[in-house]
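Hello,

Here is the structure we talked about handing over. My notes follow below it.

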Amino acid sequence: MEEFDVIKTDVLIVGGGAAGARAAIEADVAGAEVLLVSKGPIARSGLTPLAYPCLQAAVGSMDSRDNPDIHYQDIVREGKGLSDMSLARVLADEAVFRFRDLERFGVRFETEQGKVFQAHFPGQTYPRNLLIVGGGFGLISGLKNELRKHPRSKIFEDFCVSKLLIDNGEIVGVFGLNLRDGKFYAFEAKAVVLAGGGYEALWDNNDGSQDSTGDCMSLAFEAGADIIDLEMIQYYPGVFAYPGSLKGVDIQYETFLGKQYFDFKLVNRNGEEFLKGPLPGRDVLTRMMFNEIEQGRGTEHNAIYVDPKKSSKSPEEIDRLVKQFVEGPDKLWRKMGINIRKDRFELCPGVHYTLGGIRIDDQTNSSVNGLFAAGETSSNTHGANRIGGNSLAETQVFGARAGKYAALHAKGHSGWGKLPEGQVREEMSRLSSLREKKKDGLRPLKIRNELRRVMDQFVGPNRNEEGLKIALNKILDLKKNALPKVQVGGGRIFNTDWCMAIEINKALDLAELIIRSAMLRKESRGNHYRSDFPQTLSDPVHTLVKRHSNGITVDYAQVSRLN
Amino acid sequence: MENFIHAKIVRYSPDDIEKRIDKFEVPYFAGMTFQVLLRYIYENLDPTLAFRDYRCGRGVCNTCRIKVNGKIIKSCETPVELDKEVVLEPANNNIIRDLVICYD
């Protein structure tokens, strides 16, 4: 009979990024025994290492008129009515304190003339973006160093969580596969924090890390938690589409397309400059580029050309701008065969941040007892549109809260319940069966690639009923006909296909929920745009998906307001 | 006429007694990186090849380090040269499997 190891802990954290690491530190400080599991190596996987340096906190360093009240107002306004106000309030109030924590942990921030520097980003009333030295990598390295000072907390890297264990409506642990030794583990815990990042990797065009498959949303959904606003996806308009070595890499498109900078032009496959006038905001630019591609005027790689030759700047000026803005990346791009001074290159909009996720209250409780969520996995602090810099701030504010309240919840338990062995054995058997030989066996990679193409084509920046229906049918077909054929070869240790096989059924489930949510929201608001419902309705509501014993519901939910 | 890279990869798993060398022929295109080469092998030639593929693609996450012809490089930002033999090995001796290592 197949065996599994059992490890007990107080607080189990799923996800080793900025939110998870911050939660681990806080839970340990609160006296809990902590175990953190991460699908890859900490600081070398997931989304945090790729993050831009911006962290928003109203310290008022550049402009003393700034304060948390104004930060709060900015969040709610940009969120287009969909921000849960209690969460926005907490983010604005506590970002300042979490910034001070990071300084204490040794994370460094850019300074200017002796003061901490704050950049002014669109959507901020006053300059509010602190800049972390080393960006996301600098942040997670600092948190990892701080976590090392709490040696009682344990870390399991290269661990793939496949199921949450629930008993009597309460979380009792998680089950999964340790990729390093190929063994199954059941972790018993008194509280679980889900901090596994977003679900960007469900689209082929994304600028994130390809392990961001939204596992935590699917795990929580299966456990009965409320999941909201899954259709809200934020795009970045300037992602390399080609060559393969640069696919998914962002560029500072504002610098390349801005008249005062490089002044390069966006051009479709027919050589037409379809962008007239000044560079529009991100969501409008994304839709314009997507429309060109969707209507057959994109490049052979489903992208848009950026043409340096149509610039008004002289070659000397362009050379100077390269040295000023992109000297390092330019060297790399030239190795890849692209000289931006004279070669056309190809950009497309890429999924950049996912606004939907596990619904939380301001203590990061999900609707399942003992299950907490923080960071990009949770929802909905930002509403329908997020200001740059609020994502890293969110990881620190709610990561710390999740650690604190999960530890408190664990304190209220004197011991662990009985391990639901039936659930464990059933899941273990399912995971083992993935490695059995099947007639017409399919690699999970094939299903993943098909899923990503469907999401790119039909669940992109511009949606409509017909396209969403096609997408839904394709996903349901994959679930019914392709998923049962998944077959994984190779051994037990570090089997990448096995990990992908564990991810893929969750990814298909999540894709179905995203599409159903997009179908429910018959309006356009922030990052969700429907060409068949371009109006914004007067009363903002969340979309909410939930699993019950007799099926799933896709419904509306009230946005939480402050009194 | 299509050009090919003749790649040799040193492979090892704790189940094995000793390391072995596998040879792969990968279609070449100008500007391809080692990460693209590894991904090609994994997707088309051998699904059991183990390597870290988080694809930050910008040399930031430091995950993609491997040893090529004795020198440690980041596979996401190092182009493959056509006329050289390439031998790929893990970046250190803390081998989990194939090119996947323990960093600490």
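Gly467(A) is buried: 21 other C-beta atoms lie within 10 Å. Buried here takes 20 or more other C-beta atoms within 10 Å of a residue's own, exposed takes 12 or fewer, and partly exposed is in between, with C-beta atoms placed from the backbone. Gly467(A) sits in helix α13 (residues 465-482) of chain A. Helices (H or I, at least four residues) and strands (E, at least two) are DSSP runs, numbered from the N terminus.

Some housekeeping. This is a predicted model, in which local features need pLDDT of at least 70, side-chain atom pairs count only at pLDDT 80 or more, and totals for chains, interfaces and linings use all residues. Residues are numbered from 1 along each chain as its sequence is written, while chains are lettered from A and ligands numbered from 1 in the order in which they are written.

Chain A overall

Chain A has 14 helices and 21 strands. Its radius of gyration is 23 Å, close to the 24 Å from the globule rule for 563 residues, so chain A is as compact as a globular protein of that length. That radius is taken over C-alpha atoms, and the rule is 2.2 Å times the number of residues to the power 0.38. The C-alpha atoms of chain A fill a box of roughly 70 × 60 × 50 Å along the principal axes. Of the 563 residues in chain A, 56% are buried. Take the contacts in chain A between residues at least 6 apart in sequence: 73% of them join residues at least 24 apart. A contact means C-beta atoms, placed from the backbone, within 7 Å.

Helix pairs in chain A

Helix α3 (residues 85-104) and helix α10 (residues 390-411) of chain A cross at roughly 85°, and their axes come within 8 Å. That makes α3(A) roughly perpendicular to α10(A). Axes are lines fitted to C-alpha atoms, for helices over the stretch in contact, and angles run from 0 to 180 degrees between N-to-C directions. Under 35 degrees is roughly parallel, over 145 roughly antiparallel, 65 to 115 roughly perpendicular, and the rest oblique. From α3(A), the residues that meet α10(A) include Val90(A), Leu91(A) and Leu102(A). The contact of α3(A) with α10(A) has seven nonpolar, two polar and three charged residues. Ala, Val, Leu, Ile, Met, Phe, Trp, Tyr, Cys and Pro count as nonpolar, Asp, Glu, Lys and Arg as charged, and the others, Gly among them, as polar.

Helix α5 (residues 215-222) and helix α14 (residues 496-520) of chain A pack at about 75°, with axes 9 Å apart. α5(A) is therefore roughly perpendicular to α14(A). This contact has four nonpolar, one polar and four charged residues.

Strands in chain A

Strand β9 (residues 159-167) of chain A has seven of its nine residues buried, so it is largely enclosed by the rest of the structure. β9(A) pairs with strand β10 (residues 170-178) of chain A in the antiparallel sense, over eight bridges. Strands pair if DSSP finds at least two bridges between them. Leu164(A) stands opposite Val174(A) in β10(A). The two strands, β9(A) and β10(A), form a hairpin with two residues between them, and Asn168(A) in the turn has a positive phi of about 55°.

An open, antiparallel sheet of four strands in chain A has the order β13-β16-β15-β14. β13 (233-242) and β14 (265-267) of chain A are the edge strands, each pairing on one side only. Seven bridges join β13(A) to β16 (residues 345-354) of chain A. Helix α7 (residues 282-297) of chain A lies across β13, β15 (304-307) and β16 of chain A, at about 50° to β13(A).

Chain B and the interface

Chain B has an open sheet of five strands in the order β2-β1-β5-β3-β4, with mixed pairing. β1 (residues 4-11) and β5 (residues 86-90) of chain B pair in the parallel sense over three bridges. Ile9(B) has Leu88(B) as its bridge partner in β5(B).

Which residues make the contact between the chains? It takes 28 from chain B and 30 from chain A. On the chain B side, α1 (34-45) and β6 (95-97) each supply at least two residues. That side divides into 14 nonpolar, seven polar and seven charged residues.

Best wishes

Technical notes
Contact = placed C-beta atoms within 7 Å.
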